[in-house]
Amino acid sequence: MRTPGRASASASPRCSGPCGILFGPNCASGARVTDNMVPPVQVSPLIKVNQAPQPPPLIRSAWAKRLGRYSALFLGMAYGAKRYNYLKPRAEEERRLAAEEKKKRDEQKRIERELAEAQEDTILK
């Protein structure tokens, strides 16, 4: 039994196709070769491919495509406006809470700073 991909001195000619093994029943192309045959010609895959007929486009007119694009644009703008109006009050509330917390922190820092200065003044005097 021969190993695919290895040729011996008495082996039949190699397949020039993508399988790369010896011609015969194991060849992917299924070709059979005799000594007086011309080797197969490599054909471009663009020519070999059997292409099925393309179905006609669903929308043929340019105005229908344009209508679809503009309607999607309008829907996106409407969604964005709705989302913005939904998020705006929440963001305002977060900013208000952050400002209140900052005032509290600043007041606490001011008190700590005044206490530290008062203790330093009493120690030095």
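Glu-100 and Arg-96 form a salt bridge, with their closest N and O atoms 2.7 Å apart; the term means a side-chain nitrogen of Lys or Arg within 4 Å of a carboxyl oxygen of Asp or Glu. The model is predicted, so local features need pLDDT of at least 70 and side-chain atom pairs count only at pLDDT 80 or more, while totals for chains, interfaces and linings use all residues. Residue numbers start from 1 along each chain as its sequence is written, and side-chain values use heavy atoms, with hydrogens and water left out.

**Salt bridges around Arg-96**

- Four salt bridges are found in a search of the whole structure.
- Glu-100 and Arg-96 are four residues apart in helix 2, which means a separation of about one helical turn; helices are DSSP runs of H or I with at least four residues, numbered from the N terminus.
- Arg-96 also meets the side chain of Glu-93 in a salt bridge, at 2.3 Å from N to O.
- Both Arg-96 and Glu-93 belong to helix 2, and three residues, about one turn of the helix, lie between their positions in the count.
- Arg-96 has a relative accessible area of 40% and is therefore partly exposed; this class falls between buried, under 20%, and exposed, over 50% (1.4 Å probe, protein chains only).
- Glu-93, at 34% relative accessibility, counts as partly exposed, and so does Glu-100, at 36%.

**Glu-114 and Arg-110**

- The side chains of Glu-114 and Arg-110 meet in a salt bridge, 2.7 Å from N to O.
- Glu-114 and Arg-110 are both in helix 2, four residues apart, or about one turn of the helix.
- Glu-114 is partly exposed because its relative accessible area is 44%, and Arg-110 is partly exposed at 31%.

**Positive patch**

- Lys-102, Arg-105, Lys-109 and Arg-113 gather on the surface in a patch of positive charge.
- Such patches are made of residues with over 30% relative accessible area and no salt bridge, like charges being joined within 9 Å and nonpolar side chains (Val, Leu, Ile, Met, Phe, Trp, Tyr) within 5 Å.
- Lys and Arg count as positive, Asp and Glu as negative, and His and the chain ends are not counted.
- Lys-102 lies in helix 2, which covers residues 62-124.
- The relative accessibility of Lys-102 is 47%, so Lys-102 counts as partly exposed.

Note on methods:
Accessible areas come from the Shrake-Rupley method with a 1.4 Å probe; for residues, only the protein chains shown count as cover. The place of a charge is taken as NZ of Lys, CZ of Arg, CG of Asp or CD of Glu. Helices (H or I, at least four residues) and strands (E, at least two) are DSSP runs, numbered from the N terminus.
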